[in-house]
Amino acid sequence: GKDGEHLPGGSEASLKARLGDSLAAVACISQGGFAFMTVSLPFGIGSLEAGTLVLYSFLGIFTMLCIRSACTAGLPGHGKGSSAPYFALLFAGLIVIAVFRDLSVGADFGVYRELFDNIDSGDVIAERLRSYKSGYFWITWICKKCFGSFSAYIFVCYAIILAGYIIFLCTYCKGSDLISYVPFIIVAFFYIKALTELKTAMAASCFLVFLSCLKPRKPVWAIVGLVFLFFSLELHLFTVCVFAPFVVFWYVFRNRISGWSRLKFALWVLIPAVLSLAAIRYVKGQLDIYAPLFDMIRGDIREYLQMSPTDIFHGLFAEHWIMLIPHTALFVFMLIAWDGIGDGRSSVLAKAACTWDIMIMPGCTYANIWRENSILFMTRMLMWGEILRILEKRCPEKYRKLHRIFWFLVFFGWFLFRLFSEAEDLGVDPYVFDFAVK
């Protein structure tokens, strides 16, 4: 469930009051003439307030262009200059969206304010925070002691998120024009999700730093990477724990995966995916037997499994199809472009990470670990970028511009589709600026 669910009665009442005030403020703004018409997609897919749609669309294109400019700065044909100004612009643009927003933007944003206010109180909320998210607890506690300002605390949290993005981009993308940067428009969608999923986004960012430490083959960087992996687990244990075994997968197959055939790659994805589905289905049918073990490891594991769909075909694919589509599409296009994917460190990392990500995705969604989709998204964008460049080279010269336009429309369309379909659940529509210090 969401981070704000199952709070104690008193805190829940306080939270509802706080969110009620925020929503009232939004209503006043709307009545004041600043609200726009609502844009809706057919078939009940979703809707967005028009001003919010324009803002998020701009954010997606802005993010893509900043990443492209930063990673290709100084390369032949891209002019002279440093990537630093573009990364600084990216950081500044995205941090403003996170810090200067109303409490109503982000389904769990008010909960984070409640936790920040009660971090020293010793009540049930703080105890819950200490018990299950100790990494997040210490970040919150240090910010409360050092700054005492919720705005400063939010700045620090989203600075950590953006730092992970930039470190990964500097490690695996900077200085390369061998990939297309069109897919990186999706990075903005995951940042918009981070307006609600703060701890997940921070954990994902620390995991990206861990992946960045895998590139240099030196023991000191391996140790640094393990520190960030540990901190990622401390931020969101239940989600990141399914990626921790990737360390073993990487060190076993990093020198072998480039030699795999298409068939071997397909088998490495499909067989573990089927086995994980079967194992989770079995465990779900024996929850009473395994309950004491789950309660000993993590108290909410049983809750996650109980909330997950009971039937694979009518539950998993009916309820989580929107999350399975991009992984399935990536699997298909990796098969198509497999022989053209490079053997450099960036390509090998992307192949290994995407193989792991795709093979565990069905099992994770069936177990209701829906946040899994938000951990390795940057490696998926890196792989998509290489695939699009491979497909472009296979196109006749006169059609390459149309090829680039087509794929921009595909990724921008998917970006908008995800926004329309998830904005209500994420609580990010309408977006309301609030420049007051909180």
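**Reading the features**

Biologist: Which residues of α4 and α6 meet?

Modeller: Contact means heavy atoms within 4.5 Å, and a helix is a DSSP run of H or I with at least four residues, numbered from the N terminus. Tyr112, Leu115, Phe116 and Asp117 of α4 meet Tyr136, Thr140, Cys143 and Lys144 of α6. This contact of α4 with α6 comprises five nonpolar, one polar and two charged residues. Here Ala, Val, Leu, Ile, Met, Phe, Trp, Tyr, Cys and Pro count as nonpolar, Asp, Glu, Lys and Arg as charged, and the others, Gly among them, as polar. The model is predicted, so local features need pLDDT of at least 70 and side-chain atom pairs pLDDT 80 or more, while totals for chains, interfaces and linings use all residues. Residues are numbered from 1 along each chain as its sequence is written, and side-chain values use heavy atoms, without hydrogens and water.

Biologist: At what angle do α4 and α6 pack?

Modeller: Axes are lines fitted to C-alpha atoms over the stretch in contact, with angles from 0 to 180 degrees between N-to-C directions. For α4 (residues 109-117) and α6 (residues 134-146), the angle is about 65° and the axes are 10 Å apart. The two helices, α4 and α6, are therefore roughly perpendicular, a term for angles of 65 to 115 degrees.

Biologist: How do α7 and α19 cross?

Modeller: The axes of α7 (residues 150-172) and α19 (residues 377-394) come within 11 Å and cross at roughly 35°. Tyr165, Phe168, Leu169 and Tyr172 of α7 form the contact with Phe377, Met378, Thr379 and Leu382 of α19. Seven of the residues in the contact of α7 with α19 are nonpolar, one is polar and none is charged.

Biologist: What is found at the N-terminal end of α7?

Modeller: A polar contact pairs N or O atoms within 3.5 Å, one able to donate a hydrogen and the other to accept it; residues adjacent in sequence count only if both atoms are side-chain atoms. Ser149 caps this end of α7, with a side-chain oxygen 3.3 Å from the backbone nitrogen of Ser151. At the start of α2 (residues 50-72), a side-chain oxygen of Glu49 comes to within 3.1 Å of the backbone nitrogen of Gly51.

Biologist: Where does the backbone take a positive phi or a cis peptide bond?

Modeller: Most residues other than glycine have a negative phi, and most peptide bonds are trans. Just after α2, Gly74 has a positive phi of about 85°. Asp429 and Pro430 are joined by a cis peptide bond, with omega about 0°, and Pro430 lies in the segment after α20 (400-426).

Technical notes: The expected span of a helix is 1.5 Å times one less than its number of residues. Angles under 35 degrees count as roughly parallel, over 145 as roughly antiparallel, 65 to 115 as roughly perpendicular and the rest as oblique.
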